[in-house]
Amino acid sequence: MAGRLSWGLADQAVSSLTNFAVGIFVARSLGVTAFGIFSLAWVTYGVLVNVSRGLATDPLVVRFSGVDPRRWRAAVAQSSGTALAVGSASGALSVLVGLVVPGPLGSAFVALGVVLPALLTQDSWRYAFFASGQGCKAFTNDIVWAIALVPALMLAARTGSVVAFLLAWGLSSAVAACYGCVQTGMIPRIGGVRPWLRDHRDLGFRYLVENVSNSGGSQLRMYGLGAISGLADVGTVRGAELLLGPFLAVLMGLSLATVAEAARVRRSAPHRLRLFCLLLGTGQAAAATMWGLALLLLVPDHVGEYLLGSVWESASALIVPATLSVVAASFFTGAAAGLRALGAARRSLRSQLLASSLYVTGGLLGAWAGGALGSAWGVAAANVLGALVWWIQLGRGLREHQPEEMRTP
């Protein structure tokens, strides 16, 4: 388990650094308002990748972790085909929206639509490798993406537009998506989409709603913040998130390894599942706290300005509430891994819907009261309450799935 989780952490480290590099290049090159436009495209991608995960890769991880290689290959061909189909359909919709919306924002959505099929397919390979315990292959795939991203960002920096950076980010992921085909020796099977959705509809559609409510909450908060306070405040909030980027990326993608490992714990030692989830959440929270303290105490203004340019001054004021948000959200992932390992889709869906409602409400009320800073504090408070919701549901789920002979009379 330690080896598999280590590969998960290594892969997330690469993914985090990749996202951090993209954010730094964009923030330094475009300024706070254009960075706000890029951020709206980014959070939209976050919603769509979670649609893909809910329908395609979350059921794969829950039901095909550690199974016979032949069953795994057949499932991966269908799940990756589902991810490609989601990327193609959502990409076409994004292009249509972009053609309707005027100005730079519309152009950004057209560019996002072009690259969505590659982005979602590459993400599906990562989940497939972790389901089979081959985290090293997911790590290698992300390394390939990172290498391809370097020259792409250099070219985008010369152009200095949001569209150029979106295309650089997405088209470099196409290189990694193609390499995933080489690693697995297969290509996504579009013809397998319908049977995959049919066979896993009991999990897939609940996970779809759960995932979309998660990332959709972030999107609604950003859109609402832009409408209430302006695009500059969107860029400020995204800049603060970027400073916490390594841990936000880990939280978003940690299910690559932890759900599969939690499923193994449930099968081999179900009485240890609660402890596994608690250690997972506590470890992340401690790491996020140390990172936030380092940002506050060790990063001088001239270093922050070098990294984020004009975004630094406003974003640095949000470090404390942003850190508290990540600390609270760290406990989400621990409980979520446990509920998914149990296959308790109803309970995890209930938890996510309530937590997302709290997130959006806190973020928008805070924005109305105090702009970007108020929104950051509102989200921090909402995440604390959301963590309580997740752990209450995990406790109930564990009692429901406890073997009969282990229950207290």
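Select helix H11 (273-298). Helix H11 gives the most to the nonpolar patch, with four residues. Helices here are DSSP runs of H or I, at least four residues long, numbered from the N terminus. This is a predicted model, in which local features need pLDDT of at least 70 and side-chain atom pairs count only at pLDDT 80 or more, while totals for chains, interfaces and linings use all residues. Residues are numbered from 1 along each chain as its sequence is written, and side-chain values use heavy atoms, with hydrogens and water left out.

**Nonpolar patch**

Now select Leu293, Leu296, Leu297, Leu298, Val320, Leu324, Leu373 and Trp377. Together they make a nonpolar surface patch of about 780 Å². A patch takes residues with over 30% relative accessible area and no salt bridge; nonpolar side chains (Val, Leu, Ile, Met, Phe, Trp, Tyr) are joined within 5 Å, like charges within 9 Å. Areas come from the Shrake-Rupley method with a 1.4 Å probe, and for residues only the protein chains shown count as cover. Color by helix next: H11, helix H14 (319-341) and H15 each supply at least two residues of this patch.

Zoom in on Trp377. It sits in helix H15. Buried means under 20% relative accessible area, exposed over 50%, and partly exposed in between (1.4 Å probe, protein chains only).

**Positive patch**

Stay with helix H15, residues 345-401. Select Arg274, Arg346, Arg350, Arg396 and Arg399, which form a positive surface patch. Lys and Arg count as positive, Asp and Glu as negative; His and the chain ends are not counted. Each charge is placed at NZ of Lys, CZ of Arg, CG of Asp or CD of Glu. Helix H15 gives the most to the positive patch, with four residues. Arg350 lies in this helix and is partly exposed, with a relative accessible area of 45%.

**Salt bridges**

How many salt bridges are there? The count comes to nine. The rule asks for a side-chain nitrogen of Lys or Arg within 4 Å of a carboxyl oxygen of Asp or Glu.

Select Arg126 and Asp123. Their salt bridge has its closest N and O atoms 3.4 Å apart. Both residues are buried. Because they are three residues apart in helix H3 (residues 103-131), about one helical turn separates them.

Arg126 has 6% relative accessibility, so it counts as buried. Asp142 is buried as well, at 3%.

Move to Arg347 and Glu400. Their closest N and O atoms are 2.4 Å apart in another salt bridge. Arg347 counts as buried at 12% relative accessibility, whereas Glu400 is partly exposed at 45%. Then select Arg53, Asp123, Arg126 and Asp142: salt bridges that share partners join these four into one network.

**Cysteines**

Last stop: the sulfur atoms. A disulfide is a pair of cysteine sulfur atoms within 2.5 Å. A search of the whole structure finds zero disulfides. Cys136 is partly exposed, with a relative accessible area of 32%. Finish on Cys277, which is buried at 0% relative accessibility.
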